Amino acid sequence: MSRTRTQVGIVGAGPAGLTLAHLLQLEGIETYILEDRSREYVEARIRAGVIEQAIVDLLVEAGAGARLQHEGLVHHGIELQFAGERHRIPLSDLAGGRAIVIYGQTELVKDLIRLRLESGLPLHFEVSGVSVHELETERPLIRYRHEGRDEELECDVIAGCDGFHGICRPSIPAGVLSEFSRGYPFGWLGILAEVAPSNDELVYAHHERGFALSSLRSPELSRLYIQCRPDEDLAEWPDDRIWVELQTRLGLEGRTLAEGPILEKGVTGMRSYVCEPMRYGRLFLAGDAAHIVPPTGAKGLNLALHDVRVLADALATWHRSEDASGLDAYSDTCMRRVWRAEHFSWWMTQMLHRPEDGDPFDLKLQLSQLRYVTTSRAAATSLAENYVGLDMV
Ligand code: FAD
Ligand code: PHB
């Protein structure tokens, strides 16, 4: 077994791991990134599309936002559709001028991987058998297998950026973490279609047949979602059926959705989950490894990048002056934003999705809430400032 040393060993080359490595590189801190999937797989995984202004600013300032700035689509509002009508929430007017940017997570990941590979710093794909050890000591270890060899990486700190199904969180001994979660009896069937988006802004639609969302990736690519069962069988959803359902839920009198070839489809379950604290000894969790939200609030990717910004700052201070106060406060600092996003995502989810049993009382409450957020400036402002991202840290 060969042994290598680094300062920060990063497990996972998703948005959290790649951004953390980039921010630490700017601080002169050595990192090693280990990813168990292939580069092609990681770059093709279609997920988030909405980036908060503060995260765009972070990426641009860090020199990782050139293409994002050029190709990202700036949106100043979203629409809520219910009872056969659309209502615009003017995000920027209500939230101090802030906007959101539509840019696929796939594109962001490609940009970050390219930067990393150009820097020549270590990023290993297709590693296997990753495990973390000696977390309570000053020399935590990562063991893994790469290109047929067993490797050991000795670190000052390990960053667990390996997503919800990763190995870092489960490596923390039982009893250390407090876990909080909420399941939902539905999922999203998402498609990517080769057709110009029918709407200028995102449309979140409440419909008696279930929620639907019209989003986009570019002026030529639409991204659309429909509420389904969490275990929905894609085989039961030929393209025709998907379009009929989208037309029903998103269409309005006199307006139909433009249809085009479906390039990709998939079903995602929905869950809210938080573990506290986001640290055990010298292991720090960030992003989906520590918390997930249902996608209705478009917060997951943003939260992951807020975490790594806090972690990178704390590590830089510690590295410069041995001051560990930022690292000690890491979990509490992140938790304030995490719980705000958990609440917002849960609230958006329960306002917009058809309850499992279609309880008429719930339906009336949803419609009342939707009317309130689309007619009261105070209620709309609350939605807007959460959606574009609150100042918290
Ligand atoms: P991940 O992206 O999960 O990355 C973790 C990485 O670790 C992966 O590359 C994985 O392969 C790797 N890994 C796992 N286990 C190991 C191991 N043992 N060893 C090495 N590597 C490992 N968020 C938003 O903000 N806005 C949105 O609009 C939005 N829409 C979404 C839509 C959908 C359909 C879905 C599914 C999610 C959406 N999200 C959205 C959430 C967002 O995609 C995630 O929150 C984000 O990917 C989290 O990034 P991460 O780096 O923490 O985790
Ligand atoms: C997306 O474009 O993938 C998207 C947009 C808004 C959401 C979730 C996903 O709330």
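How are α9 and α11 oriented to each other? In this predicted model, where local features need pLDDT of at least 70, side-chain atom pairs count only at pLDDT 80 or more, and totals for chains, interfaces and linings use all residues, residues are numbered from 1 along each chain as its sequence is written. Side-chain values use heavy atoms, with hydrogens and water left out, while chains are lettered from A and ligands numbered from 1 in the order in which they are written.

Helices here are DSSP runs (H or I, at least four residues) numbered from the N terminus, and their axes are lines fitted to C-alpha atoms over the stretch in contact, with angles running from 0 to 180 degrees between N-to-C directions.

| Helix pair | Residues | Angle | Axis separation |
|---|---|---|---|
| α9 and α11 | 325-352 and 377-388 | about 125° | 11 Å |
| α3 and α8 | 53-61 and 300-321 | about 50° | 10 Å |

α9 and α11 are therefore oblique to each other, as angles under 35 degrees count as roughly parallel, over 145 as roughly antiparallel, 65 to 115 as roughly perpendicular and the rest as oblique. Contact (heavy atoms within 4.5 Å) joins R340, F344, W347, M348 and M351 of α9 to L383, N386 and Y387 of α11.

α9 itself has 28 residues and spans 41 Å from first to last C-alpha, close to the expected 40 Å, a value taken as 1.5 Å times one less than the number of residues.

α3 and α8 are therefore also oblique to each other, and their contact is made by A54, I55, L58 and L59 of α3 with N302, L305, H306 and R309 of α8.

How values were computed
Helices (H or I, at least four residues) and strands (E, at least two) are DSSP runs, numbered from the N terminus.
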